[in-house]
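These are my notebook entries on a structure that was new to me.

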Amino acid sequence: MFKVIQRSVGPASLSLLTFRVYAAPKKDSPHKSYMKIDELSLYSVPEGQSKYVEEPRTQLEENISELRHRCEPYTNLCQEIYSHTKPKVEHFVQWGVDNYNYLQNAPPGFYPRLGVIGFAGFVGLLFARGSKIKKLVYPPFFMGLGASVYYPQQAITIAQITGEKLYDWGLRGYIVVEDLWKQHFQKPGNVKSSPGNK
């Protein structure tokens, strides 16, 4: 289309020199008419308006859609249960890995102590013959005694916490029994009216 003519002063390899470029049309090319921007195909707007037509559903698609709608509450429930139990399972797995690593690198004397504590539980099971309540109470009691010999600091801490909880449970039980006693065995003439009762 256009012929480029270059005129420069000095060698072209020098980057600091300036040169001029002239563009001129070829003399033998025919004169073409210029197109407007609106006439370019890139900017043309399609004349017809397109309309989305949904294809009719087949019987298979209808059945699958109905099955999905019926299963949706159950899948939501399963996802909810999964998201609720996943942290607990991960915590339990981490606890198991930590205990496994501890048992692999156990401190010296750990396994003999564990044997004595286990044997104490077995002795408690032997003493608890005949009664189901004794079978529930004696083995943990004997194991606790065996563990307190080797781990007195932890035994004192556990005993204090357990004592506080037992006292709290006993106090709650006492309050419940006292309320029940007042409700069932109080005479009707001795009932005092409270501001809330009319």
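Entry 1, outline. I counted four helices and two strands in the chain. Helices (H or I, at least four residues) and strands (E, at least two) are taken as DSSP runs and numbered from the N terminus. Along the sequence I read the pattern β-β-α-α-α-α. The model is predicted, and I kept to its terms: local features need pLDDT of at least 70, side-chain atom pairs count only at pLDDT 80 or more, and totals for chains, interfaces and linings use all residues. Residues are numbered from 1 along each chain as its sequence is written, and side-chain values use heavy atoms, with hydrogens and water left out.

Buried means under 20% relative accessible area, exposed means over 50%, and partly exposed is in between (1.4 Å probe, protein chains only).

I searched the whole structure for disulfides and found zero. A disulfide would be a pair of cysteine sulfur atoms within 2.5 Å.

I took a salt bridge to be a side-chain nitrogen of Lys or Arg within 4 Å of a carboxyl oxygen of Asp or Glu. How many did this rule give? It gave two salt bridges.

One joins Glu 66 to Arg 70, with the closest N and O atoms 2.9 Å apart. Both residues lie in helix H1, four residues apart, which is about one turn of the helix. Glu 66 is partly exposed at 41% relative accessibility, and Arg 70 is exposed at 59%.

The other joins Asp 168 to Arg 172, where the closest N and O atoms are 3.3 Å apart. This pair sits in helix H4, and again four residues, about one turn of the helix, separate Asp 168 from Arg 172. Asp 168 is partly exposed at 32%, while Arg 172 is exposed at 51%.

Which residues make the nonpolar surface patch of about 510 Å²? I listed Val 89, Phe 92, Val 93, Trp 95 and Val 97. Patches are made of residues with over 30% relative accessible area and no salt bridge; like charges are joined within 9 Å, and nonpolar side chains (Val, Leu, Ile, Met, Phe, Trp, Tyr) within 5 Å. I checked Val 89 on its own: its place is in helix H1 (residues 59–104), and at 49% relative accessibility it counts as partly exposed.

A pocket is an open set of points on a 1 Å grid over the protein atoms alone, where a 1.4 Å probe fits, with protein on both sides within 12 Å along at least five of seven lines; lining residues have an atom within 4 Å of a point. The lining is made by Gly 144, Ala 147, Ser 148, Tyr 151, Gln 154, Ala 155, Ile 158 and Ala 159. Helix H3 (132–150) and helix H4 (152–185) each supply at least two lining residues. The largest share, four residues, comes from H4.

Entry 7, Tyr 151. I followed up this lining residue and found Tyr 151 in the loop between H3 and H4. Tyr 151 is partly exposed at 27% relative accessibility.

Notes:
Accessible areas come from the Shrake-Rupley method with a 1.4 Å probe; for residues, only the protein chains shown count as cover.
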